[in-house]
Amino acid sequence: MERRTIGTTALDVGAIGLGCMPMNWAYSRSQQRGDRSLRTVHAALDAGVSLLDTADMYGPFTNELLVGRVLKERRSEAFVSTKCGLLVGDQHVVANGRPEYVRRACDASLRRLQTDVIDLYQLHRADPEVPVEETWGAMAELVSAGKVRALGLCAVGARSARRGAAGAGRDGYEGTIRQLERIQQVFPVAAVEAELSVWSQEALVRLLPWCAARGVGFLAAMPLGNGFLTGTLTPGGGFERDDPRARHPRFTAEMMAANQPIVAGLRRVAARHGAGVTPAQVALAWVLGLGRHVVPVPGAKRERWAVENARAAALRLTAEDLAEIAALPAPRGSWD
């Protein structure tokens, strides 16, 4: 697989990563099977994927434990990214950016991951009660201590850019950019993780250019639109009650049907590249084409999808392909 670098420290990773969250968090519990998830991570590594993206809140904790079982056997092949800053309660999630918490959280993640160093340690959310510089300073101390190689930030704020047609093209990441400029004065930001896909392009306005101009890597979260861009979801097919898509405005039967032209366009592009090429691979190739500092991190629970996603690194879209994707209709459905 093609290799890419993250940040000015030139951390080397496969061009496509693996989002491990669906294996233990957010999606239907009935589909979460430990042995199958382990096989999926191994299959991804076999296919050239190296970046494994997890977080202490996923589960909570169980996703790191799962990844740790793989790292125990194949640490040299993997680039591990995990996150701190969010605490999960029974019915809520709260931010915690206190320096003492950050230090404890890192040590706990190292134990669960069965490794002596985390390649990329990301701040999941800034704590509104703690100056972000204090949180970031504590994370920087972890680099000095040799427990972490580089630091990243998960971006938030795009939702404000999705409020109706009047918000089309607006930048919802102003707050994140202000945070980045503050913490950059404390310790270098190696990577930013934010949603970016064919049907969610807000990061293209300012956030992606900000990263490119400063040599900051960009981890594209949800590059397959929570599964919609794979073309495997049927409008009206329904989701299990504990699947967040069951309550997501873009995953109602009406909105999924209305947004089918986007998937149809990806299918047309895929067909031009051969029978084995899928809409998901086209969607990932589109993200890869946005810059050498961009690494899409699609989530996957099954070996088949992890391998299919990895193969997208070899797909090269033509000018005709890119023009057709650019001409696709804007996604429909409120996010709020």
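A polar contact is a pair of N or O atoms within 3.5 Å; within protein, one must be able to donate a hydrogen and the other to accept it, and residues adjacent in sequence count only if both atoms are side-chain atoms. In this predicted model, local features need pLDDT of at least 70 and side-chain atom pairs count only at pLDDT 80 or more, while totals for chains, interfaces and linings use all residues. Residues are numbered from 1 along each chain as its sequence is written, and side-chain values use heavy atoms, with hydrogens and water left out.

**Arg-112**
- The side chains of Arg-112 and Glu-64 make a polar contact at 2.7 Å.
- Arg-112 lies in helix H3, residues 99–113 (helices, H or I, have at least four residues and strands, E, at least two; both are DSSP runs numbered from the N terminus).
- Arg-112 has a relative accessible area of 14% and is therefore buried (under 20%; exposed is over 50%, partly exposed in between, with a 1.4 Å probe and protein chains only).
- Not counting residues up to four places away in sequence, Arg-112 touches Asp-56, Phe-61, Glu-64, Leu-65 and Gly-68 (contact means heavy atoms within 4.5 Å).

**Helix H2**
- Buried residues of H2 include Glu-64 and Gly-68.
- The cover over the buried residues of H2 includes helix H1 (34–46), strand S4 (51–53), strand S5 (79–84) and H3.

**H3 and H4**
- The contact between H3 and helix H4 (residues 132–144) has axes that come within 8 Å and cross at roughly 35 degrees (axes are lines fitted to C-alpha atoms, for helices over the stretch in contact, and angles run from 0 to 180 degrees between N-to-C directions).
- H3 contributes Pro-99, Val-102, Arg-103 and Cys-106, and H4 contributes Glu-134, Thr-135, Ala-138, Met-139, Glu-141 and Leu-142.
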